[in-house]
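Here is a set of questions and answers on the pockets, cavities and strand pairing of a predicted model.

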Amino acid sequence: MATIKLEGLVQSGMVKYFFHSPSSILPVRDVLNEQNYGCKTEPHIEKNAENYINPCYQSNIQRFAARDAKYLFLITTCRNKELEQYNQQLVVGYIIKENILPRPSPRGGTHLSVQGPTFLYDFSDSIVVKDIFGQSFTRPLLLSTSFVNEEKTAFILHSFTGKENIYDACVREIKRLKRKLKKS
């Protein structure tokens, strides 16, 4: 199991990508498997967590657990064609690292989950990834350059200042999508 760092956290972070639900106008995971990557369980915002059910990119979460970075920045590509932000990769919120939980893995053993206060923002209030990092993230880039320095962290946090945290609306939306999944 990885070393866990929860004391003396600094104003830096790590990015974590998730697949957006195209049928939603809110920045929530693809519960319905509309993008054909499987029904997504992460980020599991219902528990204010990432990797709560399934260990996705566990090596990155273990590295995050061991570092003194405070924020897990949530990134997605808007897939709702009705929105102005369609096809843009955006920072849509973050989880503040308060807990690192060992969780039972679906295939046996355990994995780590990050848990803490979660902040999510409407796509119109989100930040275009290219504006911060100069380019959108690809899978290899996410694996190699996932940490965010203090300067970029300050920029992201400042950009969300005064914006409405829509966490509760996103949890309701995930519950709505899950009901829709059960009916099909």
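Q: Which residues lie nearest the centre of the largest pocket?
A: In this predicted model, the largest pocket has a volume of about 480 Å³. Its lining is made up of 23 residues, and β1 (10–17) and α3 (139–144) each supply at least two residues of that lining. Those that lie nearest the centre are Tyr17, Phe19, Cys56, Tyr57 and Arg139.

Q: Which residue of the lining of the largest cavity is charged?
A: The count comes to 1 cavity of 30 Å³ or more, and the largest cavity has a volume of about 40 Å³. Its lining divides into 7 nonpolar residues, no polar ones and 1 charged.

Q: What is the bridge partner of Leu101 in β6?
A: The order β2-β6-β5 describes an open sheet of 3 strands with antiparallel pairing, in which β2 (49–50) and β5 (99–104) are the edge strands, each pairing on one side only. Strand β6 (residues 110–115) pairs with β5 in the antiparallel sense over 6 bridges. Within β6, the partner of Leu101 is Ser113.

Q: At what angle to β6 does helix α1 run?
A: Helix α1 (residues 58–66) lies across β2, β5 and β6. Relative to β6, helix α1 runs at about 55°.

How values were computed
Residues are numbered from 1 along each chain as its sequence is written. This is a predicted model: local features need pLDDT of at least 70, side-chain atom pairs count only at pLDDT 80 or more; totals for chains, interfaces and linings use all residues. Side-chain values use heavy atoms; hydrogens and water are left out. On a 1 Å grid over the protein atoms alone, a cavity is a set of points where a 1.4 Å probe fits but cannot get out, and a pocket is an open set with protein on both sides within 12 Å along at least five of seven lines; lining residues have an atom within 4 Å of a point. Grid points are joined across faces, edges and corners, and a volume is the space filled by probe spheres set on the points. Helices (H or I, at least four residues) and strands (E, at least two) are DSSP runs, numbered from the N terminus. Two strands pair if DSSP finds at least two bridges between them. Contact means heavy atoms within 4.5 Å. Axes are lines fitted to C-alpha atoms, for helices over the stretch in contact, and angles run from 0 to 180 degrees between N-to-C directions. Ala, Val, Leu, Ile, Met, Phe, Trp, Tyr, Cys and Pro count as nonpolar, Asp, Glu, Lys and Arg as charged, and the others, Gly among them, as polar.
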